[in-house]
Amino acid sequence: MQKLVYERPYIKKLTAGVMNKFGSRSGGKPFEYIDNVSVKSLIASYGSPLFVLSEKQIRRNYRAAYRAFSTRYPKVQFAWSYKTNYLNAVCNIFHQEGSWAEVVSGFEYQKALGNGVPGNKIIFNGPGKTADELLLAIENDSLIHIDHLEELNQLIILAEGKPNKPRVGIRVNMDTGIYPIWDRFGFNYESGDAWAAILKVINSGKLQLAGLHCHIGTYVQVTGAYGIAAAKMASLALRCKAELQHTIAYLDMGGGFPSTNTLKGSYLPGTDTMPTIDDFAEEITGILTKAGFAHDELPLLILESGRVLIDDAGYLLGTVIANKRLSEGKRATIVDFGVNVLFTSFWYEHQISPAQEFTPNIENMVVYGPLCMNIDVIRESINLPLLNPGDNVVVHKVGAYNMTQWMQFITLRPAVVLIDEQQQVHLIKAKETLDYIERDEHVPGHLK
Ligand SMILES: *Cc1c(COP(=O)(O)O)cnc(C)c1O
């Protein structure tokens with residue numbers, strides 16, 4: 001009989017719920033319910049992994065944001081940023097709350113129409129609109145935000161002979177102290193390009209300059225940047241009035257407010273450091289109300305917030321597949337969802353909670369997804385109790401961008417459910433199937 005090779009035992013001191021620098025224990029309680037619906041029952045009914053959205057939290061976020069601006073400024077309009085999460089159920093919650101639609105492609109434009117948004121309440125942004133898409137937007141009287149000179153020239157041609165003058169806005173980029181400047185979109189303020197574009201629109205006589213638009217970045221963590229942006233936007237609008245006798249009907253300040261997720265490499269958690277929506281509202285409306293507009297000519301203030309309105313309303317539920325020790329001794333846990341469905345794990349340190357009772361032993365570990373790819377790391381370093389195969393976990397604050405940027409890669413994309421305000425669960429997107437993936441594939445005869 002062959003003798004087994006001796007294997008040195010791996011010995012590591014386990015710490016029970018270490019204090020962090022704020023004195024609280026990092027272990028905490030298991031996260032077993034979302035809006036009173038049990039995580040285990042959701043997985044039992046819809047499988048794992050599974051995205052879960054809370055309608056209650058989405059509406060709460062929207063109302064808090066609307067209140068923050070509308071209590072400080074007389075004319076406020078939100079437009080839901082479709083690319084943040086364009087599941088129709090989600091868009092319709094925002095439309096029910098009064099949001100217009102903000103779209104950045106012909107595909108998203110069609111989705112907004114399909115959701116019943118009137119054409120004149122669709123804002124069409126982005127650098128890649130085709131002539132056909134522009135024509136449709138003109139016919140529907142949508143707000144077209146011009147990104148570059150080619151588009152401006154094309155619009156002037158397309159407007160020829162149209163019964164209604166296309167309503168357009170100029171996208172303005174500028175130095176707000178946030179770097180790198182997003183100067184790839186729109187016309188620059190400091191160089192005078194934005195003013196030149198305004199002159200060109202007005203002098204064309206073919207387009208109606210309804211508003212000015214900016215979107216200075218995403219996950220902007222300083223309110224002051226919005227103050228600078230609002231001041232520059234207001235100065236352009238006031239100059240239009242003074243020099244061209246033209247009234248700008250609206251200023252669209254875009255989106256970009258951060259959620260409370262923690263960015264990779266941050267020293268403090270996002271919940272402790274991010275300004276609130278009220279802080280941003282105070283900054284923007286404070287500047288606009290003092291900018292020098294006649295009282296009856298205050299422009300409508302449009303906001304295109306995405307992330308901040310939905311990130312914390314989304315959860316990803318998953319299941320532990322296995323544990324292993326890496327060669328240097330670090331513990332690794334493999335879960336059943338990868339970076340292909342959790343795109344934001346590339347820049348957030350997502351909070352992950354066990355969904356059942358756990359031991360008080362906390363260990364630092366790496367959490368891997370199931371993909372056969374080295375980049376499939378959900379968390380490089382996280383303190384978690386020891387999890388067993390079959391245990392469930394909940395990833396927090398995943399409502400923004402994951403359900404639009406997810407990739408069909410190696411595995412099928414999971415289902416999405418919505419918990420409504422009465423705590424009823426609705427399947428709003430079924431899990432992908434092999435049939436669906438292969439539906440539009442064609443194998444040439446000689447390869448069959
Ligand atoms: C993506 C985008 C938004 C939404 O941005 P958030 O950072 O999610 O708030 C708004 N406006 C435009 C033009 C966008 O491209």
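What follows is a chat about the model, its ligand and some of its residues.

Visitor: Before we start, what kind of model is it?
Guide: It's a predicted model, where local features need pLDDT of at least 70, side-chain atom pairs count only at pLDDT 80 or more, and totals for chains, interfaces and linings use all residues. Residues are numbered from 1 along each chain as its sequence is written, and side-chain values use heavy atoms, with hydrogens and water left out.

Visitor: OK. How many helices and strands does the protein have?
Guide: There are 13 helices and 21 strands. Those are DSSP runs numbered from the N terminus: helices are H or I with at least four residues, strands are E with at least two.

Visitor: And what does the C-alpha trace span?
Guide: About 95 × 65 × 45 Å along the principal axes.

Visitor: What share of the residues is buried?
Guide: Of the 448 residues, 51% count as buried. Buried means under 20% relative accessible area, exposed means over 50%, and partly exposed is in between, with a 1.4 Å probe and protein chains only.

Visitor: Let's go to the ligand. Where does it sit?
Guide: In the second largest pocket. A pocket here is found on a 1 Å grid over the protein atoms alone: it's an open set of points with protein on both sides within 12 Å along at least five of seven lines.

Visitor: Which residues come nearest to the ligand?
Guide: Lys83, Thr218, Gly256, Glu304 and Tyr401, out of 16 residues around it. A residue is near if one of its heavy atoms lies within 4 Å.

Visitor: What classes are in that shell?
Guide: One nonpolar, ten polar and five charged residues. Ala, Val, Leu, Ile, Met, Phe, Trp, Tyr, Cys and Pro count as nonpolar, Asp, Glu, Lys and Arg as charged, and the others, Gly among them, as polar.

Visitor: How far is an oxygen atom of the ligand from Thr218?
Guide: An oxygen atom of the ligand is 2.5 Å from an N or O atom in the Thr218 side chain.

Visitor: How much of the ligand does the protein bury?
Guide: Taken alone the ligand exposes 390 Å², and the protein buries 95% of that. Those areas come from the Shrake-Rupley method with a 1.4 Å probe.

Visitor: New topic: where is Gln77, and is it buried or exposed?
Guide: Gln77 lies in strand β5, residues 76–81. It counts as buried because its relative accessibility is 14%. Its side chain also makes a polar contact with the side chain of Trp100, at 3.4 Å. A polar contact is a pair of N or O atoms within 3.5 Å; within protein, one must be able to donate a hydrogen and the other to accept it, and residues adjacent in sequence count only if both atoms are side-chain atoms.

Visitor: What about Ala65 and Gly114, buried or exposed?
Guide: Ala65, in helix α2 (residues 55–70), is buried, because its relative accessible area is 1%. Gly114, in helix α4 (residues 106–114), is exposed, because its relative accessible area is 65%. Gly114 and Asn88 are 26 residues apart in sequence and 8.8 Å apart in space, C-alpha to C-alpha.

Visitor: Which residues are joined by a cis peptide bond?
Guide: Ser48 and Pro49 are joined by one, with omega about 0 degrees, and Pro49 lies in the loop between α1 and β4 (50–54). Another joins Tyr179 and Pro180, where omega is about -5 degrees. Pro180 is in the loop between β9 (167–173) and β10 (187–188).

Visitor: And what's the phi of Asp35 and of Asp141?
Guide: Asp35 has a positive phi of about 45 degrees although it is not a glycine; it lies in the loop between β2 (33–34) and β3 (37–38). For Asp141, phi is positive too, near 60 degrees. Asp141 is in the loop between α5 (131–139) and β8 (143–146), and it counts as partly exposed because its relative accessibility is 26%.

Notes:
1 Å grid on protein atoms, 1.4 Å probe; cavity = no way out; pocket = protein on both sides within 12 Å on 5 of 7 lines; lining within 4 Å. Sits in = over half its atoms within 2 Å of the grid points.
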